[in-house]
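User: Hi! Could you walk me through a few features of this structure? I'd like to start with the aromatics.

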Amino acid sequence: MKTKTTQILIISSLLLASLFMLSSFDNEDITEQQKTKKPNIIYILADDLGIGDVSLYNENSKIQTPHLDQMGKEGMQFTDAHTSSSVCTPTRYGILTGRYNWRTPLKEFVTWGNSPSLIQKNRLTVAQMLKDNGYKTASIGKWHLGLNWSMKNNSPEFDHFSNTSERLNFKNMDYSKPLKFGPNDMGFDYSYMISASLNMPPYVYIENNKATMIPTEITERSRKTYPFSSWIKGAIADDFKHEEVLPNVVDKSISFIKENANKDQPFFMYIPLPSPHNPVLPIAPWKGQSDIGSPYADFVIMIDDLMGNIFKTLKEQGIEDNTLVVFTSDNGYATTNDLKTLRQKKHSPSYIYSGYKGSYFEGGHRVPFLVKWPGKIKPNSVSDTTICTTDFMATCADIIGYDFKDNEAEDSFSMMPILTNEGDYLREATIHHDKYGVFAIRKGDWKLIVSPNSGIMASGKTKIHKGVTAEEILYNLKTDVKEKNNVADQFPEKVKELKEILIQQIRDGRSTPGKVQENDAITGEWPQANFAFKE
């Protein structure tokens, strides 16, 4: 017969064993939760930042960007990343929808501050996709995709996109009422935006689809007086100061991170910066800090430091390891930002590439592209794979296990095989688009520009490139990265191959596998794509 002491020891041992087993199960559950928890996702989009302006990309850079350099070293640096257009509105459309911009009615140029929404109500966005799958979503920064404003006195809504004759027509806009269709209707739980570029009116903040203040004054800065910090004449609200917009965007972003860190619900942030696009407005302590005496260089240094504040916040909040961060630019460097001084100081914002913002040359759309995701992406990784900014949406879908319908993200390919070095990246070719709507296509080392003089200028006249008479221009970027030698006559079979791919992807309404889709209906001509629809 067991003594009472023995019984107590047996019961204690059983309890301890049970507690150990329960503790083991809990630890296993926690470990499994950590493995399966969806990451926070942050997409930061600079405005007109050249690939050569990030010192990680440019060994001869006269502008140093230590925080962005460190991000690249801690994650993956892409050397052959491209925006879907060499101007901003079209690229933004591609990022948020996973679809090439030229499939919309906007065939060239950009929208204005009073343009209607380029993203249609039936179009799935990356924000809506992530929101539907458990994410808290936010858009903080420069929108520049058109907004459906409320109008006074039953005035008709704007129906133009890039019509320059209507870009200053603001008299019937009703700032006291919410937008009829804006970021919060496209999947963003929170939005804090300016409507277009920092030099385009109206100069108001729009928070959750409504102006924070009604504009009461008119402002203008002349290009003649302020060549690199000018803005178009327009209405401005009392709480809007051009110099404060970039810091405000970063402050709002940091506040959102702090409010949503370490919650059960992951978050997605789209942070389209308003800079270094004109007006170039570095403030203290960054003003005058560059080694080359350029306000533009100061502005880039300011951006880098502010990005450092965001990265620091992620670390302080303890969420750095479960946050995927992307940093890129919406197109190449804009020549209106004091190119003369940069050249004098031997700084090349396009690095070794020809062309700048707006161009079909590489400098117009080859951009810095950095991705950091600790534990998933190996530090100090470099990828030479040709990717496109439209690929973001499919990458997010891959992360959350979402399967697209045929009419969703038609030009988006997941980058996860590149980021994790597992599987195959499926993009066959990448289509480029310049500010005049001229097409180019890239596959491997080869790049073909089709009908380079088919673009339409703002005046309505056909764009004629000086000295360009060929209907097809073929470059081998492996041997001619500066795009100086047209070898179309030497490689007619390569011209034929690339042109056939381009035509098919234009006609099919998609470049991904799936059911053929229609491009959006248009009322006018599409001369830049005539080659694709000839009988």
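**Aromatic rings, a sheet and a helix**

Analyst: Happy to! Tyr43, Trp143, Phe188, Phe268, Tyr270 and Phe392 form one aromatic cluster. Keep in mind that this is a predicted model.

User: How many aromatic pairs turn up in the whole structure?

Analyst: The search finds 26 aromatic pairs. One of them is Trp102 with Phe439, an edge-to-face pair with 5.0 Å centre to centre and 75° between the planes.

User: Where in the chain do Trp102 and Phe439 sit?

Analyst: They come from distant parts of the chain, 337 residues apart. Trp102 is in the loop between α3 (88–97) and α4 (126–132), while Phe439 belongs to strand β15.

User: And are those two buried or exposed?

Analyst: Both Trp102 and Phe439 are buried. Another pair, Trp526 and Phe533, is tilted, with 6.0 Å centre to centre and 45° between the planes.

User: What does the accessibility say about Trp526 and Phe533?

Analyst: Trp526 has 9% relative accessibility, so Trp526 counts as buried. Phe533 is at 41%, and therefore counts as partly exposed.

User: Which charged end sits over the ring of Trp526?

Analyst: That would be Lys107, whose charged end is 3.7 Å from the ring centre. There is also Lys376, with its charged end over the ring of Trp373, 5.7 Å from the centre.

User: Nice. Back to β15: what is the order of strands in its sheet?

Analyst: The order is β14-β15-β16-β17, an open sheet of four strands with antiparallel pairing. At the edges are β14 (430–433) and β17 (472–476), each pairing on one side only. From one strand to the next, the twist averages 20°.

User: How many bridges join β14 to β15?

Analyst: Four bridges, with β15 covering residues 439–443. Ile431 stands opposite Ile441, and His432 has Ala440 as its bridge partner. In the hairpin of these two strands, five residues lie between them, and Gly437 takes a positive phi near 85°.

User: Which way do the residues of β14 point?

Analyst: Thr430 and His432 point one way, Ile431 and His433 the other way, and all are buried.

User: Switching to helices: which residues of α2 are buried?

Analyst: In α2 (residues 66–74), those are Leu68, Asp69, Met71 and Gly72. Down the axis of α2, the buried residues fall within an arc of 155°, so they line one face of the helix.

User: What do they pack against?

Analyst: The buried residues of α2 pack against β2 (76–82), α6 (295–316), β10 (323–329) and β11 (366–372).

Technical notes
Residues numbered from 1 in each chain as written. Predicted model: local features only at pLDDT ≥ 70, side-chain atom pairs only at ≥ 80, totals over all residues. Heavy atoms only, no water. Pairing = 2+ DSSP bridges. Axes fitted to C-alpha atoms, helices over the stretch in contact; angles between N-to-C directions. Buried < 20%, exposed > 50% of the residue type's maximum accessible area, 1.4 Å probe, protein only. Arc of directions from axis to C-beta. Contact = heavy atoms within 4.5 Å. Phe/Tyr/Trp six-rings, centres within 6.5 Å; stacked < 30°, edge-to-face > 60°. Lys NZ or Arg CZ within 6 Å of the ring centre and 35° of its normal.
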